[in-house]
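I set out to record what I looked up in this structure, entry by entry. The sequence and the model come before my notes.

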Amino acid sequence: MKRIYYIVFGILFMQSLNAQDKYLTKEGFVSFFSHSIVEDIKADNNQVLSVVDTKTGKIAIQLLMRSFMFEKALMREHFNENYVESYKFPKATFSGEIRNFEELDENNTVTEIFGTLTVHGREKEISSKVTVISTDNIITLTGDFTVEVADFDIKIPAIVSNNIAKTIKVTFELHHEPYN
Amino acid sequence: MIGFFIAIIVSLTATLYYYNKPHVDVKKSDAAYSLTAQHLIKEYQENETNTNEKYSEKVIQVEGDVYEVTTLRGNSVVTLNDPNSESSIICHMQAAHNKGALALKKGQKITIKGFCTGYLLDVIMVRCILVE
């Protein structure tokens with residue numbers, strides 16, 4: 001089991017790994033929300049993979065675009081086939097760092113997470129406020145941030161441009177458990 | 001004139017129907033592929049891109065051994081494992097199948113039908129149902 005984890009995250013972290021410092025979830029939650037005058041669109045993904053290195057505060061997140069669940073089948077179809085082109089770019093990734101991770105404790109839970117978000121094959125440096133809570137050996141990260149659709153070269157046809165917001169709100173909730 | 005109104009009503013109905021088109025019913029759909037957990041994991045490990053193209057957006061049926069059953073946000077999650085591999089298949093079940101899923105025992109051989117969304121460290125399947 002360990003070998004594959006090392007290969008995948010060894011590349012992301014580019015440094016030697018010590019399994020004791022790793023916290024992982026395969027059931028992370030990421031959701032996005034688009035508000036427009038015509039309709040609200042929301043999609044949830046409950047299969048997000050995330051690994052935190054508690055020694056360095058580095059974090060790597062991966063998710064499958066097709067795992068986003070929409071209220072309407074048509075929204076999901078348009079999202080995957082026309083907008084994010086999941087057949088070409090099946091995953092979105094984030095690789096970054098939690099600022100001052102080692103200084104966080106129960107009274108000091110809010111910090112910043114920053115790094116590179118890759119969606120639709122395009123990279124963008126982002127940062128977000130994040131709440132970090134560590135209890136019972138579970139590290140929970142929660143927060144939200146906004147992204148511009150245009151930054152990821154996602155083309156929305158003029159006919160539906162009123163249905164989809166230019167700025168999308170992304171919410172995340174990740175409960176990491178010790179990886180051993 | 002009447003024809004004109006009928007045309008408008010028909011096109012509005014069609015648009016509304018299209019807009020509200022339901023999700024594919026997994027239970028009623030025939031599986032495009034039927035295979036073992038071992039086989040599916042192996043295909044992903046050998047060539048992730050091609051395997052994704054082959055299975056994504058299709059209903060597939062997978063047979064394997066139950067490794068664990070958990071719950072997440074009101075839905076059950078069944079993990080099928082392959083004793084020879086480091087990866088498994090994580091199947092997110094439809095809520096209607098929670099009861100059946102929670103009654104499963106570790107090591108039990110079962111068949112699950114659902115949509116494959118791809119591969120991270122494991123193969124991920126969504127909107128799954130148990131096949132009797």
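**Entry 1: The nonpolar core**

I began with the largest nonpolar core, which has 65 residues. Ile89(B), Cys91(B), Val123(B) and Met125(B) have the most contacts inside this core. I then looked up which element supplies the largest share, and found strand 6 of chain B, residues 123-131, with seven residues.

I took Val123(B) for a closer look. Leaving aside residues up to four places away in sequence, I list Leu40(B), Ile41(B), Tyr44(B), Ser87(B), Ile89(B) and Cys116(B) as the residues that Val123(B) touches.

**Entry 2: Confidence**

I note that this is a predicted model. The predictor assigns the complex an ipTM of 0.84 and a pTM of 0.86.

**Entry 3: Helix 3 of chain B**

Which residues of helix 3 of chain B are buried? In this helix, residues 48-55, I find Thr51(B), Asn52(B) and Tyr55(B) buried. They lie on the same side of helix 3 of chain B because they cover an arc of only 105° around the axis. I recall that an α-helix has 3.6 residues a turn, so residues three or four places apart point the same way.

After helix 3 of chain B comes Glu57(B), with a positive phi near 65°.

Glu85(A), a residue other than glycine, has a positive phi near 50°. I place Glu85(A) in the loop between helix 2 (73-83) and strand 5 (91-98) of chain A. Is Glu85(A) buried, exposed or partly exposed? Glu85(A) counts as partly exposed because it has 17 C-beta neighbours inside 10 Å.

Asp136(A) is not a glycine either, yet its phi is positive, about 45°. I locate Asp136(A) in the loop between strand 7 (122-135) and strand 8 (138-148) of chain A. Asp136(A) has 5 C-beta neighbours inside 10 Å and therefore counts as exposed.

Note on methods. Residues are numbered from 1 along each chain as its sequence is written. Chains are lettered from A and ligands numbered from 1 in the order in which they are written. This is a predicted model: local features need pLDDT of at least 70, side-chain atom pairs count only at pLDDT 80 or more; totals for chains, interfaces and linings use all residues. A residue is buried if 20 or more other C-beta atoms lie within 10 Å of its own, exposed if 12 or fewer, and partly exposed in between; C-beta atoms are placed from the backbone. Helices (H or I, at least four residues) and strands (E, at least two) are DSSP runs, numbered from the N terminus. The arc is that of the directions from the helix axis to the C-beta atoms. A nonpolar core is a set of buried Ala, Val, Leu, Ile, Met, Phe, Trp, Tyr and Cys residues joined through C-beta atoms within 7 Å. Two residues are in contact if their C-beta atoms, placed from the backbone, lie within 7 Å.
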